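Open the structure in your viewer and keep the selection tool ready. The stops below say what to pick and what to look for.

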Amino acid sequence: MSVTEETAGQPAAPAAEPRPAPGATPPSAPLLARAAAELVGTAALVAVVVGSGIQATELTRDVGVQLLANSLATVFGLGVLITLLGPVSGAHFNPAVTLAEWWTARRGGPGVGAREVAVYVPAQTVGAIAGAVLANAMFGEPLVAWSAHDRSAGQLLLGEVVATAGLILLIFGLARTDRLRFAPAAVASYIGAAYWFTSSTSFANPAVTVGRAFTDTFAGIAPGSVPGFIGMQLVGAAAGLALVSVVFMTAKTAKTAKTA
């Protein structure tokens, strides 16, 4: 927390409000508005992912070009959505981020409470399903078509652990170093890169995983693969929080650990 210095003949300005936690909810926004932002933002994100995947497969048969188009659209779309809706809800769009923030708050840090979790996670999940249905509708696909794209291989599950751990490390690391203003560009860039360096193409999001099961297109995931992906995403979130506590350890924490 910073304090404005006194000017000559004038009282000191009030202390600035603490910076919110990663994706933290601005306290002035009503819970209904925050829930709506999470629902709309997650729906738009999934519509971007699924819609660009469908468009890519209609324009080319080259799988590499398809993935490039899909990842670029996701980078730009996610960056815009975080910039637009971050001031309202914190732009989580991801139950893994919401749960990680709740865990941080339970341990005395800033973050969301159980009430927000109970509202955010359903809103994100409903939004993700709605986004997939919308993308299907825009491209003349069946509104709901269960994906046949099996993603249950072990290396794909490992990819989800890595992708989610990296995402949590990035978001909470930005918060710890007071650089959340870079979140729109940094988070979008990370997801774009993770499309290519992880074997799973970086879902890293339980709600998006559920939504992508509703489309039998390029971005889909078979319903039978969903539980494994979500389980590994939660493992990755826990690993990410552990990395944050070590990499961004404060001097006070380090002293405590040393004397313990």
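Select helix 2 (residues 63-89) and helix 6 (residues 183-197) in this predicted model. Their axes lie 8 Å apart, at an angle of about 160°. An angle over 145 degrees counts as roughly antiparallel, so that is how helix 2 runs against helix 6. The crossing of helix 2 and helix 6 is right-handed.

Now show the side chains at this contact. On helix 2, pick residues including Gly-64, Leu-67, Leu-68, Ser-71, Val-75, Leu-78 and Ile-82. Facing them from helix 6 are, among others, Ala-183, Val-187, Ala-188, Ile-191, Tyr-195 and Trp-196.

Next come the aromatic rings. How many aromatic pairs does a search of the whole structure find? The count is three. Start with Trp-146 and Phe-214, a tilted pair. Their ring centres are 4.6 Å apart, with 50° between the planes. Trp-146 sits in the loop between helix 4 (114-138) and helix 5 (154-176). Phe-214 sits in the loop between helix 7 (206-212) and helix 8 (226-247). The pair therefore ties together parts that are 68 residues apart in sequence. Phe-214 is buried, at 15% relative accessible area.

Move on to Tyr-190 and Phe-197. Here the centres are 6.1 Å apart and the planes stand at 70°, so the pair is edge-to-face. Phe-197 is partly exposed, at 47%.

Last stop: select Arg-212 and Phe-203. Arg-212 lies over the face of the Phe-203 ring, 3.6 Å from its centre.

Note on methods. Residues are numbered from 1 along each chain as its sequence is written. This is a predicted model: local features need pLDDT of at least 70, side-chain atom pairs count only at pLDDT 80 or more; totals for chains, interfaces and linings use all residues. Side-chain values use heavy atoms; hydrogens and water are left out. Rings of Phe, Tyr and Trp (its six-membered ring) pair if their centres lie within 6.5 Å; planes under 30 degrees apart count as stacked, over 60 as edge-to-face and the rest as tilted. Helices (H or I, at least four residues) and strands (E, at least two) are DSSP runs, numbered from the N terminus. Buried means under 20% relative accessible area, exposed over 50%, partly exposed in between (1.4 Å probe, protein chains only). A charge sits over a ring if NZ of Lys or CZ of Arg is within 6 Å of the ring centre and within 35 degrees of the ring normal. Axes are lines fitted to C-alpha atoms, for helices over the stretch in contact, and angles run from 0 to 180 degrees between N-to-C directions. Angles under 35 degrees count as roughly parallel, over 145 as roughly antiparallel, 65 to 115 as roughly perpendicular and the rest as oblique. A crossing is left-handed if the near helix is turned anticlockwise from the far one by less than a right angle, and right-handed if clockwise. Contact means heavy atoms within 4.5 Å.
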